[in-house]
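Hi everyone, thanks for making time for this one.

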Amino acid sequence: MQCQICSKRAATIHLTEISDGVRSEMHICEHCAAEQGIASQSQMSINELLTNLLAVQPSDEEIFGPSEVASSCPECGFTLDRLRKEGTLGCPRDYEVFEHALVPLIARAHNGATAHCGKVPSRTPRETKKLVKLSDLRQQLEAAVRDEDYERAARLRDEIKRLH
Amino acid sequence: MKLTEISNDINDWFSGSGPMADIVVSSRIRLARNLAGHKFLNSCSAEEKAEILERLKTVIMSLDLGDEVFYVSVDQASALNRNFLVERHLISRHHAVAKGPRGVVIARHEFFTAMINEEDHLRLQVLRPGCQLSACVEQIDRIDSTIEKQVDYAFSPRFGFLTACPTNLGTGIRVSVMLHMPALKMTNDIGKFLAAAKDMNLAVRGLFGEGSEATSDLYQISNQVTLGISEQQIVSEFEGTIIPEITEYEKAARKQLLAHQVETLDDKIARAMALLQNAHVISSQEALILLSHLRLGLNMRDHMGASTPAIDRLCARRHDDGATQPSHGLSIRTINRLFMLTLPAHLQMNYGKLLDATHRDVLRAKIIREALSQ
């Protein structure tokens, strides 16, 4: 749907006005809305919010780098077969070595989650801390969208953009 | 310090005090951590395990916890001492039977323990009476941060704290509360609680019973998800949603008993009192269930103002002194003390030698009889 004012951009703000019992609808873009002083930044549509949300999602490789599937860990000699038998891994490096095989298991055990959010050791490099913080903010953003708290969602989106 | 110095009394977190103590007996938070640069324990040689143990023991023994700390070498401890530590929740069953160099650092007042070389290199635990998860998480976070200044934890930006088992990955946190749910069993509604816990993705474990059955009516509920949700969020969910919803089932069952099944309730309490006061041979399992019924009676009076013939008789034994000492004599503390001190390893520890099951049952009955006749 095009903006009813500029007829150029997509209408992302939909206003319904009831005046003297007469109902009128208006579909405008954010740019014109700002010019008219009708809508503030926080009153964005859910479509725009979701588009923004997707735009700030990083790719797997951006965060973790490429990973490989190996038959045994070069560090501890661990094999996936042992995980099936013993239920525990051989060394911290196994999470990297067997990442592709482990991620589906991890997601199943943790309600679909595959990324950490929460405490980070204080001696962690600043860049790593930032990545965890981003993951945390994204999770909060998803929760805000779910709760239809768009004002909070917009704030979180801005914070994610700033951190990027 | 010797374990016999703590074995003849209960610890603070099992004393029956704290917020919501009529149902929430205690709060516990555990963190799983591993050292960077070392293998996980199932791939470690005995030498590497000894090295990890020494490193972590030195760091943790030097912590300033505002309490005396002592160390128990679990691999060198006797079977009785290991069972005692399990009964007291100072180590896990797994730690008691694991292999190789391992130990536990314990704060004298038992609010903190650190198991070294359990399933992970380090398992920190903080316990408090009643519903006090926020205080627990604050305290354990502080302790963890102090340790982390001296050692490097295995950590990945994507997966968080790396643990031997992927089910503990991320925060490595296990948030648990111990709940006393006797009324739900009496009204045959325990299934409702178990179903609700399952819906909330919680792990439920019966405590002090044989196998998974909660003979003692004590259950532990814990989070299962440790990845993708922060420590604070998990605790907030427990305090804001999970605990209020779950305890509501037991509260409703207690109200139901008072309103419609008072004979069932009174029968359980009166039989429990009669048996405990008169038995000469009593098994641990029987004692646990009977003491659970007395605890229910006392809590229903204190928190609901319940008055039934059996509860009135039970509370008449409290020698109420008015405002200054409202309930000495038969108190929740007395019940919990009997509960803990008559567990098999506690009995033998305090008796000073090993006893077979028959002798334990006789000694248990004697201790309970004497305590209830005071």
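This is a predicted model: local features need pLDDT of at least 70, side-chain atom pairs count only at pLDDT 80 or more; totals for chains, interfaces and linings use all residues.

The residues in question are W13(B), S26(B), S27(B), R28(B), H89(B), L127(B), S176(B), V177(B), M178(B) and Q220(B). Where do they come from? Two strands of chain B, β1 (24–33) and β8 (173–180), each give at least two residues to this lining. The volume here is about 50 Å³.

How many cavities of 30 Å³ or more does the structure hold? Two, so let's visit the other one.

The second largest cavity has about 40 Å³ of space. Around it sit G16(B), A21(B), D22(B), V25(B), H180(B), R295(B), N299(B), I332(B) and N336(B). By class, that lining divides into three nonpolar, four polar and two charged residues. Helices α10 (284–304) and α12 (332–341) of chain B each supply at least two of the lining residues. And here is the part I enjoy: domain 1 (3–254) and domain 2 (262–373) of chain B each contribute at least three residues to this lining.

Now for the residue I promised, N299(B), which lies in helix α10 of chain B and is part of the lining of the second largest cavity. Is N299(B) buried or exposed? Its relative accessibility is 4%, so N299(B) counts as buried; the cut-off for buried is under 20%. Leaving out residues up to four places away in sequence, N299(B) touches A21(B), D22(B), R254(B), M304(B) and I332(B).

Let me zoom out to the chain as a whole. Chain B has 14 helices and 10 strands, and 59% of its 374 residues count as buried. A compact globule of 374 residues would have a radius of gyration near 21 Å, and chain B agrees because its own value is 21 Å. Along the principal axes, the C-alpha atoms fill a box of roughly 65 × 45 × 40 Å. Finally, among contacts in chain B with a separation of 6 or more, 71% join residues 24 or more positions apart.

Technical notes. Residues are numbered from 1 along each chain as its sequence is written. Chains are lettered from A and ligands numbered from 1 in the order in which they are written. Side-chain values use heavy atoms; hydrogens and water are left out. On a 1 Å grid over the protein atoms alone, a cavity is a set of points where a 1.4 Å probe fits but cannot get out, and a pocket is an open set with protein on both sides within 12 Å along at least five of seven lines; lining residues have an atom within 4 Å of a point. Grid points are joined across faces, edges and corners, and a volume is the space filled by probe spheres set on the points. Helices (H or I, at least four residues) and strands (E, at least two) are DSSP runs, numbered from the N terminus. Ala, Val, Leu, Ile, Met, Phe, Trp, Tyr, Cys and Pro count as nonpolar, Asp, Glu, Lys and Arg as charged, and the others, Gly among them, as polar. Domain bounds come from an automatic or database domain assignment. The radius of gyration is taken over C-alpha atoms; the globule rule is 2.2 Å times the number of residues to the power 0.38. Buried means under 20% relative accessible area, exposed over 50%, partly exposed in between (1.4 Å probe, protein chains only). Contact means heavy atoms within 4.5 Å.
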